[in-house]
Amino acid sequence: MVADSSQATGLKWAAAASGSKVLQVVSATTNTTVTNSTNTYTDTGLTASITPSATTSKVLVIVTQNGLQKSAGNAGNGLDMSLFRGATNLGNINSAAGYSNTTLLFTAMSSGIAYLDSPATTSSTTYKTQFKNRITAASVSVQEGNETSSIVLLEIGA
């Protein structure tokens, strides 16, 4: 919305010129700690589903992933995280978070992404984050210390 200041008695709100509208919003949170000591992606527990109202709709995905931790014990470990639509990897949220080439513990890191997707469907569509360790030694965690992570899905109509 944009303000029209031509009214002497107050502001009159006019529709934005672009025409795009937020049609629905879905959000979810989790604060359950999940640990992974393999280099295979596993769910972080952060997931949400949306059913777009048209195949032309876009979905804006906003993720804040908190409580990332690289454990002590191996100099090579670090946390890789990606955003998924179902089984499709939409891209990295971060690579090697906490990697330091030392055996020091790194904790309480955060990471996030805003991603505009075009799912081209009117079926229920699930978005989630998954993470893995760079190597199969020591471990990495998310929501460490019961930090809360969140995901927001906004359907954007043309």
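Reader: What pattern does the protein chain follow, read along the sequence?
Author: The pattern is β-β-β-β-β-β-β-β-β-β-β-β. There are twelve strands and zero helices in the protein chain. Both are DSSP runs numbered from the N terminus: helices are H or I with at least four residues, strands are E with at least two.

Reader: Where does the model come from, and how are residues numbered?
Author: This is a predicted model, in which local features need pLDDT of at least 70 and side-chain atom pairs count only at pLDDT 80 or more, while totals for chains, interfaces and linings use all residues. Residues are numbered from 1 along each chain as its sequence is written, and side-chain values use heavy atoms, with hydrogens and water left out.

Reader: What is the mean pLDDT of the chain?
Author: The mean is 85, and 80% of the residues reach 70 or more. pLDDT is the predictor's confidence in each residue, from 0 to 100.

Reader: Strand S7 next. Is it largely enclosed or open?
Author: Six of the seven residues of S7 (residues 79-85) are buried, so this strand is largely enclosed by the rest of the structure. Buried means under 20% relative accessible area, exposed over 50%, and partly exposed in between, with a 1.4 Å probe and protein chains only.

Reader: Which strand do seven bridges join to S7?
Author: Strand S10 (residues 125-133), and the two run antiparallel. Two strands pair if DSSP finds at least two bridges between them. Within this pairing, Phe84 stands opposite Lys128 in S10.

Reader: Phe84, then. Buried or exposed?
Author: Phe84 is buried, with a relative accessible area of 7%.

Reader: How many aromatic pairs are there?
Author: The count comes to one. The rings of Tyr41 and Phe84 have centres 5.4 Å apart and planes at 75°, so the pair is edge-to-face. Tyr41 lies in the loop between strand S4 (34-36) and strand S5 (42-50), and Phe84 in S7, 43 residues apart. The rule takes rings of Phe, Tyr and Trp (its six-membered ring) with centres within 6.5 Å; planes under 30 degrees apart are stacked, over 60 edge-to-face, the rest tilted. Tyr41 itself is partly exposed, at 24%.

Reader: And Lys128: what does its side chain meet in a salt bridge?
Author: The side chain of Asp43, at 3.4 Å from N to O. Lys128 is in strand S10 and Asp43 in strand S5, so the pair ties together parts 85 residues apart in sequence. Lys128 counts as buried at 18% relative accessibility, whereas Asp43 is partly exposed at 37%. A salt bridge is a side-chain nitrogen of Lys or Arg within 4 Å of a carboxyl oxygen of Asp or Glu.

Reader: How many salt bridges does the whole structure have?
Author: Two. Besides the Lys128 pair, the side chains of Arg85 and Asp117 meet at 2.7 Å, N to O. Arg85 lies in strand S7 and Asp117 in strand S9 (residues 106-117), so that pair ties together parts 32 residues apart in sequence. Arg85 is partly exposed at 22%, and Asp117 is buried at 4%.

Reader: How many residues has the largest nonpolar core?
Author: It has 19 residues, and Val61, Val63, Leu79, Met81, Tyr127, Ile151 and Leu153 have the most contacts inside it. The largest share, four residues, comes from S6. Such a core is a set of buried Ala, Val, Leu, Ile, Met, Phe, Trp, Tyr and Cys residues joined through side-chain atoms within 4.5 Å.

Reader: What is Val63 in contact with?
Author: Leaving aside neighbours within four places in sequence, its contacts include Leu46, Leu83, Ile93 and Ile151.

Reader: Last topic: which phi value does Gln143 have?
Author: Gln143 has a positive phi of about 60° although it is not a glycine. Gln143 sits in the loop between S11 and S12 and is buried, at 0% relative accessible area. Ala138 also has a positive phi, near 55°, and lies in the loop between S10 and S11.

Technical notes: Contact means heavy atoms within 4.5 Å.
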